[in-house]
Amino acid sequence: MSCCVKYLIAASIISVVIPGMATEPAGFVEGHLTIISPKEVQLADGKTPAMTAENYAQYPLIILSEGGKKEIARITADGNGNFRTALPPGDYVLDVQGRARGHVRAKPQRFTIVSNHTVRVDMDIDTGVR
């Protein structure tokens with residue numbers, strides 16, 4: 001078989017396979033991270049300090065594959081505790097980095113992404129700081 005015929009066959013196979021493998025448009029996950037501390041810290045003036053971006057940055061959220069075995073993405077909530085990211089359609093788990101080692105308590109949240117849609121998933125974590 002000549003070299004040109006081989007390339008023509010390969011190009012024909014690719015043109016048939018690639019359209020069927022076209023990726024669907026992404027969807028979005030958004031939500032709010034709430035950090036719960038059993039013992040609230042009070043300042044000298046009696047006020048409870050506000051959460052800041054630095055507080056949220058201490059607790060990055062991780063998005064895992066449906067089985068929870070592969071990390072797909074890592075996101076950090078903004079200074080108000082809000083987060084949003086695009087993902088390909090599929091089933092995922094939202095978790096908190098460090099939860100498995102017992103540093104924070106949180107319940108992993110399962111969710112499904114659909115093309116061109118936004119799903120809301122809120123996460124509450126307990127820092128265990130007393």
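Colleague: Let's start with E30: what relative accessibility does E30 have, and what does E30 count as?

Modeller: This is a predicted model, and in it E30 comes out at 25% relative accessibility, so E30 counts as partly exposed.

Colleague: And which residue forms a salt bridge with E30?

Modeller: That's R84, with the closest N and O atoms 2.8 Å apart. R84 sits in strand 4 and E30 in strand 1, residues 27-36, so the pair ties together parts that are 54 residues apart in sequence.

Colleague: Is R84 buried, exposed or partly exposed?

Modeller: R84 counts as partly exposed, because its relative accessibility is 46%.

Colleague: How many salt bridges does the count come to?

Modeller: Four. Among them, E71 and R74 meet through their side chains at 2.8 Å, N to O. E71 has a relative accessibility of 38%, so E71 counts as partly exposed. R74 is at 46% and counts as partly exposed too.

Colleague: What about R105, which residue forms a salt bridge with R105?

Modeller: D126, and there the closest N and O atoms are 3.3 Å apart. R105 belongs to strand 6 (residues 105-106) and D126 to strand 9 (residues 123-126), so this pair links parts 21 residues apart in sequence. R105 is partly exposed, with a relative accessible area of 46%.

Colleague: Switching to loops. Where is D78 found?

Modeller: D78 is in the loop between strand 3 (71-75) and strand 4 (82-87). Its relative accessible area is 36%, so D78 is partly exposed.

Colleague: What does the side chain of D78 reach?

Modeller: It reaches the backbone nitrogen of N80, at 2.8 Å. D78 and Y56 are also worth a look: they are 22 residues apart in sequence, and their C-alpha atoms are 7.0 Å apart in space.

Colleague: And S115, where does S115 lie, and is S115 buried or exposed?

Modeller: S115 lies in the loop between strand 7 (109-113) and strand 8 (118-120). With a relative accessible area of 13%, S115 is buried.

Colleague: Which residue's side chain makes a polar contact with the side chain of S115?

Modeller: E24, at 3.2 Å. If you leave aside neighbours within four places in sequence, S115 is in contact with E24, P25, A26, G27 and P89.

Colleague: I see G27 on that list. Which residues is T85 in contact with, leaving aside neighbours within four places in sequence?

Modeller: G27 again, along with F28, V29, I63 and I75. T85 has its place in strand 4, and T85 counts as buried because its relative accessibility is 18%, with the cut-off at under 20%.

Colleague: OK, bigger picture. How many helices and strands does the protein chain have?

Modeller: Two helices and nine strands. Along the sequence the pattern reads α-β-α-β-β-β-β-β-β-β-β.

Colleague: What order do the strands have in the open sheet of four?

Modeller: The order is 3-2-5-7, and the pairing is antiparallel. Strand 3 and strand 7 are at the edges with a single partner strand each, so each has one side left without a neighbour in the sheet. On average, neighbouring strands in this sheet are turned by 30° against each other, direction ignored.

Colleague: How many bridges join strand 5 to strand 7?

Modeller: Five, with strand 5 covering residues 90-96 and the two running antiparallel.

Colleague: What share of the residues in the protein chain is buried?

Modeller: Buried residues are 27% of the 130 in the chain. As for contacts with a separation of 6 or more, 61% of them come from residues 24 or more positions apart.

Colleague: Last topic, confidence. Where is it lowest and where is it highest?

Modeller: Helix 1, residues 3-20, is lowest with a mean of 43, while strand 8 is highest at 97. The pLDDT is below 50 over residues 4-22, and beyond near neighbours in sequence that stretch has three contacts in the model.

Colleague: And what is the mean pLDDT of the protein chain?

Modeller: The mean is 77, with 65% of the residues reaching 70 or more.

Methods: Residues numbered from 1 in each chain as written. Predicted model: local features only at pLDDT ≥ 70, side-chain atom pairs only at ≥ 80, totals over all residues. Heavy atoms only, no water. Buried < 20%, exposed > 50% of the residue type's maximum accessible area, 1.4 Å probe, protein only. Polar contact = N/O pair within 3.5 Å; in protein donor to acceptor, adjacent residues only side chain to side chain. Contact = heavy atoms within 4.5 Å. pLDDT = per-residue confidence, 0-100. Pairing = 2+ DSSP bridges. Axes fitted to C-alpha atoms, helices over the stretch in contact; angles between N-to-C directions.
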